[in-house]
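Hello! Here is the structure I promised to pass on to you. Have a look at it first, and then read my notes below.

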Amino acid sequence: MSNSLQKSWLASMWGFVEATLAGLLGSSCCLVQLGVNLLTSLNIIHGVGCTGFNKTLGPIRTQLRIVTAVYMAWSWFLAVRRGWSKRGLLARTIVFAVVTFLPEILLWSGGPSLAPPTEEVDVVTFKVDGMGCEACQAHVKGVIDGLGGVVASSVDFTSGMAEVHVARRWASKSAGPMFDVSVMAEKLDEDGYFVAPEEAQTVAASALSGRTEL
């Protein structure tokens, strides 16, 4: 590879690095949390939970997005003014936009496509500690949705609350896959999120009797 091509390639790669870093700032490092969640799901790491970036960067997310958007706008201004190739810049802008709005993408894609049924379903609400951002919220919801007996669920990282719709006909072992609160608490604990033992016991009892809020 000639020196000119090598410099061009390095400049292009550095541009993608800059766009990704700018997007990370604008999303409170949501992509980093997703990476941690993926490694946890693959059983490569355990007990990490929330990395805490959103707790620090979340309160100033809007300001960071303004600054990083100005950076991208300035890049386009220079490209137009100096006649630079815009193909690479367009690709970097797409990367920047996707990473920046990853929290919103997670929220938009995380809900059920249909409203959960209300007949023969008990609704259980309880607190989950350790969530700090949209990626944590999506991970906890994914764990809960994967449990037997769960019809639908909603999780809110800002309040730390989870609402689970449990099929009443699955409330007994003889009827089919049971909503096992101890399994849920164990899985969440392995991933760094916590349901208090006494609260888990109350949830287990309420799953057999009806709606409760803790």
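The largest nonpolar core has 27 residues, and Phe126, Val128, Ile144 and Met184 have the most contacts inside it. A nonpolar core here is a set of buried Ala, Val, Leu, Ile, Met, Phe, Trp, Tyr and Cys residues joined through side-chain atoms within 4.5 Å. Among the elements that each supply at least two residues of this core are strand 1 (121–127) and helix 8 (181–190), but helix 7 gives the most, with five residues. Apart from this core lies another, of six residues, including Ala19 and Leu89.

Please keep in mind that this is a predicted model: local features need pLDDT of at least 70, side-chain atom pairs count only at pLDDT 80 or more, and totals for chains, interfaces and linings use all residues. Residues are numbered from 1 along each chain as its sequence is written, and side-chain values use heavy atoms, with hydrogens and water left out.

Now for helix 7 itself. Glu134 sits in this helix and counts as buried because its relative accessibility is 7% (buried means under 20% relative accessible area, with a 1.4 Å probe and protein chains only). Beyond its neighbours within four places in sequence, Glu134 is in contact (heavy atoms within 4.5 Å) with Arg61, Pro103, Leu106, Leu107 and Phe157.

Helix 7 (residues 134–145) also packs with helix 2 (residues 30–41), at an angle of about 25° and with the axes 8 Å apart. The two helices are therefore roughly parallel (angles under 35 degrees count as such).

Happy exploring!

Terms used: Axes are lines fitted to C-alpha atoms, for helices over the stretch in contact, and angles run from 0 to 180 degrees between N-to-C directions. Helices (H or I, at least four residues) and strands (E, at least two) are DSSP runs, numbered from the N terminus. Angles under 35 degrees count as roughly parallel, over 145 as roughly antiparallel, 65 to 115 as roughly perpendicular and the rest as oblique. Buried means under 20% relative accessible area, exposed over 50%, partly exposed in between (1.4 Å probe, protein chains only).
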